[in-house]
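Here are a few notes to read with the model open beside you.

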Amino acid sequence: MKTKTIFFALGILALILSACASATQPDIAMPMNNNDAPMMTVTPGSMMAENPEAAHMMEPITAPNVQPATESTGGHPLEFREENGIKIFDLTTKAVQWEILDGVTVTAYTYNGTVPGPMIRVTEGDLVRIIVKNELPDPTTIHWHGVEVPNAMDGVPGVTQDPIQPGETFTYEFTAKPAGSFMYHSHFEGDVQVGAGLYAPFIIDSKEPEANPPAVDKVLMISEVRMTDGQTYAAMPMGGMEPNYFTINGKSFPATETITVKKGDLVRLRLMGIGQFIHPMHLHGMPFKITATDGHPVPEAAQLTKDTISVAPGERYNIEFIATETGQWMLHCHILHHTTNDNVEPGGLMLMINVVE
Ligand SMILES: [Cu+2]
């Protein structure tokens, strides 16, 4: 009994002493300013153990024997052959080393070795066959985003088809409709594979020639990627996976294309949000009209005149303007962190429109 009482008294004394100490000493556990705050960073891959379901999202993009890309730009029209009135396109999914910027090369999953993949451009009503050979280390499928395909061609793994396994080939076939600006992209682990580069434009021209065709007609696919310690990650809006590079057609400024047009030209830009973030794209100098949304034409009386258009993931906007003013005009995202390369400005989602006499 006596021993217990002594220990109890000593315990009370210790509590009193520690309370006094904390009252008289500065609270060294609290940072004095932001610079002293402990760095809270999340390393990609660190959440894998906590959530095995998320493991595929957090792993770097890798493949055996990844070679440098043989092309330096993507999104160019894909050649096709015709058999019995069917336009036949060949796509191969494969990993390459893709330069997004001088000195910055990512490991990309691609269609035919470029980011974006090659543009499929056909006319409304065309019968189209696309033969896909999967040379990735992972299964894949293709979804024809916005194109009105038969259900069995929709590319949703486990729903409309089995995934195309590594080494396998799958054939998609459908009638191209309606006319408009569309995309094709992976639908297998899309959060990883699309961010890794498996996306491309799919343009369906209308049967009737345009009354007022633009002098310049460009597709601009907007995306993001994360590079950490030489490893590539598919960027996504979650802790540790935010992008630090932002790309237009697979390139970050100043590696983005400069679009040169003549004064008086009608210019059409087909903005496509294929990444996982919203990008309010702002054009300097000249307002534009929104002439199509998600591939569908906007009646002239309903065409908004704007200088900034938010392009959300999956959306497409055709914008058109007459290049009335000469000079170097910038098109850029107005979330200004998105105009940086690994936090250094300028970079990312910027490109120049050079209007000449
Ligand atoms: Cu942005």
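Contact, in these notes, means heavy atoms within 4.5 Å. Please keep in mind that this is a predicted model.

1. **Tyr 172 and its surroundings.** Setting aside neighbours within four places in sequence, Tyr 172 is in contact with Val 128, Arg 129, Ile 130, Val 132, Thr 141, Ile 142, Trp 144, Met 153, Gly 155, Gln 161 and Ile 164. Tyr 172 also belongs to the largest nonpolar core, a group of 37 residues. Within that core, the residues that touch the most other members are Ile 120, Ile 130, Trp 144, Tyr 172, Phe 174, Tyr 184 and Phe 202. Domain 1 (60–205) and domain 2 (216–356) each supply at least three residues to this core. A second core of 27 residues is separate, with Leu 220, Ile 259, Leu 269 and Ile 353 among its members. As background, nonpolar side chains in soluble globular proteins tend to be buried together.

2. In which order do the strands of the open sheet run? The order is 14-23-22-16-20, with mixed pairing. Strand 14 (259–262) and strand 20 (308–311) are the edges, each pairing on one side only. On average, neighbouring strands in this sheet are turned by 20° against each other, direction ignored.

3. **Pairings inside that sheet.** Strand 16 (residues 279–283) pairs with strand 22 (residues 327–333) through three bridges in the antiparallel sense, and Leu 283 has Leu 331 as its bridge partner there. Strand 16 is also joined to strand 20 by four bridges, again antiparallel, with His 279 bridged to Val 311. Strand 22 and strand 23 (residues 350–356) are antiparallel too, over six bridges; here Gln 328 is the bridge partner of Asn 354.

4. **The copper site.** Which protein atoms are donors of the copper ion? They are His 279 (ND1), Cys 333 (SG) and His 338 (ND1), lying 2.0 Å from the ion. Their spacing in sequence is H-x53-C-x4-H. His 279 in strand 16 and Cys 333 in strand 22 are 54 residues apart, so the pair links distant parts of the chain. Are these two residues buried or exposed? Buried means under 20% relative accessible area, so His 279 counts as buried at 1%, and so does Cys 333 at 0%.

5. **Pro 313.** This proline sits in the loop between strand 20 and strand 21 (316–322). Pro 313 is partly exposed, with a relative accessible area of 38%. Apart from neighbours within four places in sequence, Pro 313 is in contact with Gly 273, Gly 275, Gln 276, Phe 277 and Ile 278. Its C-alpha atom is separated by 8.0 Å from that of Met 272, 41 residues apart along the chain.

6. **Backbone details worth a look.** Most residues other than glycine have a negative phi, and most peptide bonds are trans. The bond from Val 115 to Pro 116 is cis, with omega near -10°, and Pro 116 lies in the loop between strand 4 (104–111) and strand 5 (120–123). Lys 177 and Pro 178 are joined by a cis peptide bond as well, with omega about -10°. Asn 84 has a positive phi of about 50° and is exposed at 78% relative accessibility. Asn 343 has a positive phi near 75°; this residue lies in the loop between strand 22 and strand 23 and is exposed, with a relative accessible area of 57%.

Note on methods:
Residues are numbered from 1 along each chain as its sequence is written. This is a predicted model: local features need pLDDT of at least 70, side-chain atom pairs count only at pLDDT 80 or more; totals for chains, interfaces and linings use all residues. Side-chain values use heavy atoms; hydrogens and water are left out. Two strands pair if DSSP finds at least two bridges between them. Helices (H or I, at least four residues) and strands (E, at least two) are DSSP runs, numbered from the N terminus. A nonpolar core is a set of buried Ala, Val, Leu, Ile, Met, Phe, Trp, Tyr and Cys residues joined through side-chain atoms within 4.5 Å. Buried means under 20% relative accessible area, exposed over 50%, partly exposed in between (1.4 Å probe, protein chains only). Domain bounds come from an automatic or database domain assignment. Axes are lines fitted to C-alpha atoms, for helices over the stretch in contact, and angles run from 0 to 180 degrees between N-to-C directions. Donors are N, O and S atoms within 2.8 Å of the metal (3.2 Å for Na, K and Ca); water is not among the atoms, so sites may look incomplete.
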